[in-house]
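Please look over the sequence and the model shown here before reading the notes on selected local features.

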Amino acid sequence: MDIFEKCFNYTLANTYREQGIYPYFHALESRQDVEVIMEGKRRIMLGSNNYLGLTTQPEIVEAGIKAFEKFGTGCSGSRFLNGTLEMHLELESELASFVNKTGAVTFSTGFQSNLGIISAVVGRNDYVICDRENHASIYDGCRLSYGKMLRYKHVDMEDLEKQLQRVPEENGALIVTDGVFSMGGDIAPLPEIVKLARKYGARVMVDDAHGLGVIGNGGRGTANYFGLDDEVDIIMGTFSKSLASLGGYMAASEEVCDYVRHNSRPFIFSASIPPSACAVALASLRHLEAHPELPQRLMALSQYARAGLKARGLHIRESLTPIIPIYTYQAENTLIKAKELYEAGVYVNPVLPPATEPTACLLRTSYMASHTEPLLDEAMDIIQKVLGDTDE
C-alpha cells in the first residue's frame, strides 16, 4: 500500500473549503494588534495570545532590531554547542528570578519545551499523570518519554487520586497540568493538586503558557497566584504570548535544570532561539516587571468583556482569565458562526474536536491589555448580532 494513500483520501479540509466555512490560515497584512488588516479588511482581533499587547510596544520592537543588527539573523547551532549567547543566559537568570526559582532553561519553541522537559524527566520506570484537557504538547512530551502516562478527568481531584494510587511506591511520578487551560480559560486547582502530590510522593509540573503575565503577583503565573511558588516543582512557559516573541522555558531548581540541559534531546539537538527573539523576550520580561499594572489592566478588561458577553445573552464559561470561550456546540455551526463573525469584522478562533468534545465546540475569544472598552463594545455588539442567544 502507498504510504501517501491517507493523504490522497483526506477530504475534510476540502469539504469545508467547498462549503465556504474553512477557518484556517487567514493572512495578516499588518502587525499583531487589537485591530488588524487581514485579507484586505479591518478586523477586531479577539483571537490572539498577545495578552499584554507588547508586540507593538516601541522599546520592545527596538530591542529586537538592535539584537538583529548586533548578532545577525541566527546562532546557527544548538545551545549545547555554539548557539549560546550571553543574552540567553541573562534571559534564563531573569526568568528564574521572576518566577522564584533557582534555575531556568530556554527552548526554541513552547511546544518543544514540553517535549524536552517531560521526555527528559520522565524515565522508563516513571509515571506521568495528566489532566485530560492538557495542551497537545504535553501529550506528545509524554509519548516521547519512556514512562507510562495516566490521565485524570478535567480538574477532577478524586480521579487524580485514583490515578496516583495506581503508581507503585517504588516508581517516580510527575503530575502535569496546564495552569490556565488554553481553550476553557479556567485555572487548575493547584492547591489540591499539590496536596495530593505530597501525599503520594509525586512531583508537580505546571504549563503556564497562558498564566505568565496574566495571573499572580505582577503576572508571575499560576503557582504564584495560589502562593505555591515553592510547592510547584517545574514551571513551563512560552515567549509567544505575554512576552511577544518566540520560544519557551522551564524554571525549576538548578539541579533539575542542569539535568534537563544534559539529557533533553529536543534541547540538545535544536538550534537556539535567534538573537532578535531572545532580545524581545528579555525586553518584554523587563517591561512586565516594570509595569505590574499591565496584568491588572488585562484582568479588568477581561471582566468587562465577560460581563458584556453575558449581558448580551451569550453562554460562556466562568473564569477570571482573558480566555473566554463562547459555546456553539456543533462543529458545522461553529465554523459557520466563525465565518460570519470574520466577515462582520471580528476575528475569533473556532475550536473543534479533538480539542473539545463533539457537542461542546466553541469560539475561543481572548483579550489584550491594549484593548479599549469602546473597541470591545463594538466587537461584542457584532458577536451578539451574529450569534444571538446561543442557548436556543
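This is a predicted model: local features need pLDDT of at least 70, side-chain atom pairs count only at pLDDT 80 or more; totals for chains, interfaces and linings use all residues.

Residues are numbered from 1 along each chain as its sequence is written, and side-chain values use heavy atoms, with hydrogens and water left out.

**Helix pair**
- The axes of α5 (residues 110–121) and α10 (residues 254–263) come within 9 Å and cross at roughly 100°, which makes α5 roughly perpendicular to α10 (a term for angles of 65 to 115 degrees).
- G116, A120 and V121 of α5 meet Y259, V260 and N263 of α10, where contact means heavy atoms within 4.5 Å.

**Residue D207**
- D207 lies in strand β7 (residues 203–207), and it counts as buried because its relative accessibility is 4% (buried means under 20% relative accessible area, with a 1.4 Å probe and protein chains only).
- Leaving aside neighbours within four places in sequence, the contacts of D207 include N114, H135, D178 and M236.
- The D207 side chain reaches the backbone nitrogen of A209 at 3.0 Å.

**Sheet and helix**
- Three strands form an open antiparallel sheet in the order β10-β13-β12, in which β10 (323–329) and β12 (349–351) are the edge strands; strands pair if DSSP finds at least two bridges between them.
- Six bridges join β10 to β13 (residues 361–366), and I326 has L363 as its bridge partner in β13.
- Helix α14 (residues 331–344) lies across β10, β12 and β13, running at about 35° to β13.

Definitions and conventions: Axes are lines fitted to C-alpha atoms, for helices over the stretch in contact, and angles run from 0 to 180 degrees between N-to-C directions. Helices (H or I, at least four residues) and strands (E, at least two) are DSSP runs, numbered from the N terminus. Angles under 35 degrees count as roughly parallel, over 145 as roughly antiparallel, 65 to 115 as roughly perpendicular and the rest as oblique. Buried means under 20% relative accessible area, exposed over 50%, partly exposed in between (1.4 Å probe, protein chains only). A polar contact is a pair of N or O atoms within 3.5 Å; within protein, one must be able to donate a hydrogen and the other to accept it, and residues adjacent in sequence count only if both atoms are side-chain atoms.
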